[in-house]
Amino acid sequence: MGNIRAKPGLRYPKLSIFSASIEIILSFLSSSTLIKIKSKVLKKSIVAIVKSGTVSLDVCKNNIPSMIIYKMNFFNYHLAKFLLKIKYVNMINIINNKEIIPELLQNECNPNEIYKTFYYFMKIGRASFRERV
(Lines give C-alpha, C1' and ligand atoms only; values in the text may rest on other atoms or scores of the structure.)
Protein backbone atom coordinates (compact mmCIF):
# COMPACT_ATOMS: atom_id res chain seq x y z
CA MET A 1 0.00 0.00 0.00
CA GLY A 2 2.93 2.27 -0.32
CA ASN A 3 4.73 4.35 2.21
CA ILE A 4 1.79 6.11 3.81
CA ARG A 5 2.23 7.36 7.36
CA ALA A 6 -0.18 8.79 9.86
CA LYS A 7 0.34 12.46 10.60
CA PRO A 8 2.59 13.01 13.62
CA GLY A 9 0.60 13.89 16.71
CA LEU A 10 -2.63 12.57 15.20
CA ARG A 11 -4.73 11.24 18.05
CA TYR A 12 -6.97 8.24 17.71
CA PRO A 13 -10.08 8.56 19.89
CA LYS A 14 -11.06 5.81 22.28
CA LEU A 15 -14.59 4.83 21.38
CA SER A 16 -15.42 2.48 24.24
CA ILE A 17 -17.73 4.94 26.04
CA PHE A 18 -19.36 5.91 22.75
CA SER A 19 -19.91 2.31 21.63
CA ALA A 20 -21.25 1.33 25.08
CA SER A 21 -23.78 4.17 24.82
CA ILE A 22 -24.79 3.03 21.33
CA GLU A 23 -25.23 -0.56 22.55
CA ILE A 24 -27.56 0.61 25.33
CA ILE A 25 -29.66 2.63 22.86
CA LEU A 26 -29.76 -0.22 20.34
CA SER A 27 -30.88 -2.72 22.99
CA PHE A 28 -34.24 -0.91 23.13
CA LEU A 29 -34.90 -1.25 19.40
CA SER A 30 -36.65 -4.15 17.66
CA SER A 31 -34.67 -6.40 15.32
CA SER A 32 -36.58 -5.15 12.25
CA THR A 33 -35.71 -1.55 13.18
CA LEU A 34 -32.06 -2.53 13.62
CA ILE A 35 -32.01 -4.17 10.18
CA LYS A 36 -33.45 -0.99 8.62
CA ILE A 37 -30.87 1.17 10.41
CA LYS A 38 -28.04 -1.15 9.33
CA SER A 39 -29.27 -1.09 5.74
CA LYS A 40 -29.40 2.73 5.71
CA VAL A 41 -25.93 3.01 7.24
CA LEU A 42 -24.48 0.59 4.67
CA LYS A 43 -26.07 2.47 1.76
CA LYS A 44 -24.43 5.71 2.92
CA SER A 45 -21.02 4.16 3.67
CA ILE A 46 -18.00 4.81 1.48
CA VAL A 47 -15.59 2.55 3.40
CA ALA A 48 -15.95 0.14 6.32
CA ILE A 49 -13.71 -1.09 9.10
CA VAL A 50 -15.22 -4.32 10.38
CA LYS A 51 -14.34 -7.35 12.43
CA SER A 52 -14.59 -10.70 10.76
CA GLY A 53 -18.14 -12.05 10.79
CA THR A 54 -21.47 -11.70 9.03
CA VAL A 55 -21.21 -7.92 8.90
CA SER A 56 -18.21 -8.32 6.58
CA LEU A 57 -20.44 -10.26 4.17
CA ASP A 58 -23.09 -7.51 4.29
CA VAL A 59 -20.44 -4.90 3.58
CA CYS A 60 -19.09 -6.87 0.61
CA LYS A 61 -22.61 -7.49 -0.74
CA ASN A 62 -23.07 -3.70 -0.79
CA ASN A 63 -19.75 -3.18 -2.65
CA ILE A 64 -18.26 -1.12 0.15
CA PRO A 65 -14.45 -1.12 0.33
CA SER A 66 -13.57 -2.62 3.68
CA MET A 67 -10.86 -4.01 5.88
CA ILE A 68 -11.06 -6.68 8.53
CA ILE A 69 -9.55 -5.92 11.91
CA TYR A 70 -9.26 -8.52 14.64
CA LYS A 71 -7.11 -8.97 17.71
CA MET A 72 -7.12 -11.91 20.12
CA ASN A 73 -5.05 -12.62 23.18
CA PHE A 74 -1.67 -14.16 22.40
CA PHE A 75 -2.45 -17.68 23.61
CA ASN A 76 -5.82 -18.01 21.82
CA TYR A 77 -4.38 -16.63 18.58
CA HIS A 78 -1.53 -19.14 18.46
CA LEU A 79 -3.77 -22.02 19.53
CA ALA A 80 -6.29 -21.16 16.77
CA LYS A 81 -3.49 -20.77 14.23
CA PHE A 82 -2.09 -24.18 15.18
CA LEU A 83 -5.45 -25.98 15.12
CA LEU A 84 -7.20 -24.32 12.17
CA LYS A 85 -4.45 -24.23 9.53
CA ILE A 86 -6.08 -21.45 7.49
CA LYS A 87 -4.43 -18.43 5.89
CA TYR A 88 -7.30 -15.99 6.38
CA VAL A 89 -10.03 -15.20 8.91
CA ASN A 90 -12.58 -13.58 6.61
CA MET A 91 -15.02 -15.92 4.83
CA ILE A 92 -14.58 -14.17 1.46
CA ASN A 93 -10.81 -14.57 1.61
CA ILE A 94 -11.09 -18.19 2.78
CA ILE A 95 -13.45 -19.14 -0.07
CA ASN A 96 -11.25 -17.45 -2.69
CA ASN A 97 -8.01 -18.67 -1.08
CA LYS A 98 -6.51 -15.21 -1.53
CA GLU A 99 -6.72 -11.86 0.21
CA ILE A 100 -9.48 -9.87 -1.46
CA ILE A 101 -10.43 -7.97 1.68
CA PRO A 102 -7.37 -6.74 3.61
CA GLU A 103 -7.03 -8.33 7.04
CA LEU A 104 -5.27 -6.49 9.83
CA LEU A 105 -4.72 -9.10 12.53
CA GLN A 106 -2.86 -9.13 15.82
CA ASN A 107 0.16 -6.78 15.57
CA GLU A 108 -1.05 -5.30 12.28
CA CYS A 109 -4.29 -4.31 14.01
CA ASN A 110 -3.05 -0.94 15.23
CA PRO A 111 -4.01 2.70 14.58
CA ASN A 112 -1.16 3.30 12.10
CA GLU A 113 -2.01 0.31 9.88
CA ILE A 114 -5.75 1.02 10.06
CA TYR A 115 -5.08 4.62 9.01
CA LYS A 116 -2.82 3.55 6.11
CA THR A 117 -5.37 1.04 4.81
CA PHE A 118 -8.23 3.53 5.17
CA TYR A 119 -6.18 6.18 3.34
CA TYR A 120 -5.42 3.69 0.57
CA PHE A 121 -9.12 2.97 0.06
CA MET A 122 -9.93 6.66 -0.08
CA LYS A 123 -7.15 7.09 -2.65
CA ILE A 124 -8.04 4.21 -5.01
CA GLY A 125 -11.78 4.81 -4.86
CA ARG A 126 -14.75 2.51 -4.97
CA ALA A 127 -14.41 1.51 -8.65
CA SER A 128 -11.00 -0.07 -8.10
CA PHE A 129 -12.35 -1.99 -5.13
CA ARG A 130 -15.14 -3.51 -7.26
CA GLU A 131 -12.51 -4.84 -9.66
CA ARG A 132 -10.83 -6.72 -6.76
CA VAL A 133 -14.07 -8.44 -5.73
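## How confident is the model?

The protein chain has a mean pLDDT of 75, and 73% of its residues reach 70 or more; pLDDT is the predictor's confidence in each residue, from 0 to 100. Over residues 1-7 the pLDDT is below 50, and beyond near neighbours in sequence this stretch has eleven contacts in the model (contact means heavy atoms within 4.5 Å). Residues 10-15 also have a pLDDT below 50, with five contacts beyond near neighbours in sequence.

This is a predicted model, where local features need pLDDT of at least 70 and side-chain atom pairs count only at pLDDT 80 or more, while totals for chains, interfaces and linings use all residues. Residues are numbered from 1 along each chain as its sequence is written, and side-chain values use heavy atoms, leaving out hydrogens and water.

## The second largest pocket

Let's look at a pocket.

Helix α4 (residues 74-84) gives the most to the lining, with four residues; helices are DSSP runs of H or I with at least four residues, strands are runs of E with at least two, and both are numbered from the N terminus.

## A buried glutamate

E103 sits in strand β3 (residues 103-105). Is E103 buried or exposed? E103 is buried, at 6% relative accessible area (buried means under 20%, exposed over 50%, partly exposed in between, with a 1.4 Å probe and protein chains only).

Not counting residues up to four places away in sequence, E103 touches I68, K87, Y88, V89, N90, N93 and E108. For V89, the backbone nitrogen lies 3.1 Å from a polar atom of the E103 side chain.

Most residues other than glycine have a negative phi. N63 is not a glycine, yet its phi is positive, about 55 degrees. You'll find N63 in the loop between α3 (54-61) and β2 (66-70), where it is partly exposed at 29% relative accessibility.

K85 isn't a glycine either, and it has a positive phi of about 55 degrees. K85 is in the loop between α4 and α5 (91-96), and it counts as exposed at 63% relative accessibility.

Conventions
A polar contact is a pair of N or O atoms within 3.5 Å; within protein, one must be able to donate a hydrogen and the other to accept it, and residues adjacent in sequence count only if both atoms are side-chain atoms.
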